[in-house]
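Please look through the sequence and the model shown here before reading the briefing that follows.

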Amino acid sequence: MVRAGQSSEKAALIYQHSDEERQEEVAAGLDATVRKAREEAAQETTEKRSGTDLARGQ
């Protein structure tokens, strides 16, 4: 509401539009963000493990 300059929830709802294509774009963006964060966390975890743990598959 604030970003769009609307002063009430009613006004915000009137101008709020979301179609299926936009929802898919948003979902894809969130998916990419989560996947990247998981990959980075996995790399950090792998880098912190000892050689013995890595050899044991732990």
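Helices are DSSP runs of H or I with at least four residues, strands are DSSP runs of E with at least two, and both are numbered from the N terminus. By that definition the protein has 3 helices and 0 strands, and along the sequence the pattern reads α-α-α. This is a predicted model, in which local features need pLDDT of at least 70 and side-chain atom pairs count only at pLDDT 80 or more, while totals for chains, interfaces and linings use all residues. Residues are numbered from 1 along each chain as its sequence is written, and side-chain values use heavy atoms, with hydrogens and water left out.

**Surface and burial**

- A residue is called buried under 20% relative accessible area, exposed over 50%, and partly exposed in between, using a 1.4 Å probe and protein chains only.
- Of the 58 residues of the protein, 2% count as buried.
- The accessible surface, calculated by the Shrake-Rupley method with a 1.4 Å probe, comes to about 5500 Å², and 50% of this area belongs to carbon and sulfur atoms.

- The structure holds 2 salt bridges, a salt bridge being a side-chain nitrogen of Lys or Arg within 4 Å of a carboxyl oxygen of Asp or Glu.
- Glu 25 and Arg 22 are joined by a salt bridge between their side chains, at 3.1 Å from N to O, and both residues lie in helix α2, 3 residues apart, which is about one turn of the helix.
- Glu 25 counts as partly exposed because its relative accessibility is 43%, and Arg 22 is likewise partly exposed, with a relative accessible area of 46%.
- Asp 31 forms a salt bridge with Arg 35, where the closest N and O atoms are 2.8 Å apart, and this pair also lies in helix α2, 4 residues apart, about one turn of the helix.
- Asp 31 counts as partly exposed at 37% relative accessibility, whereas Arg 35 counts as exposed at 52%.

**A patch of negative charge**

- Asp 19, Glu 20, Glu 21 and Glu 24 gather in a patch of negative charge on the surface.
- Such a patch is made of residues with over 30% relative accessible area and no salt bridge, with like charges joined within 9 Å, where Asp and Glu count as negative and the place of a charge is taken as CG of Asp or CD of Glu.
- Asp 19 lies in the loop between α1 (9-15) and α2 (20-48), and Asp 19 is partly exposed, with a relative accessible area of 46%.

Terms used:
Patch = residues over 30% accessible without salt bridge, like charges linked within 9 Å, V, L, I, M, F, W, Y side chains within 5 Å.
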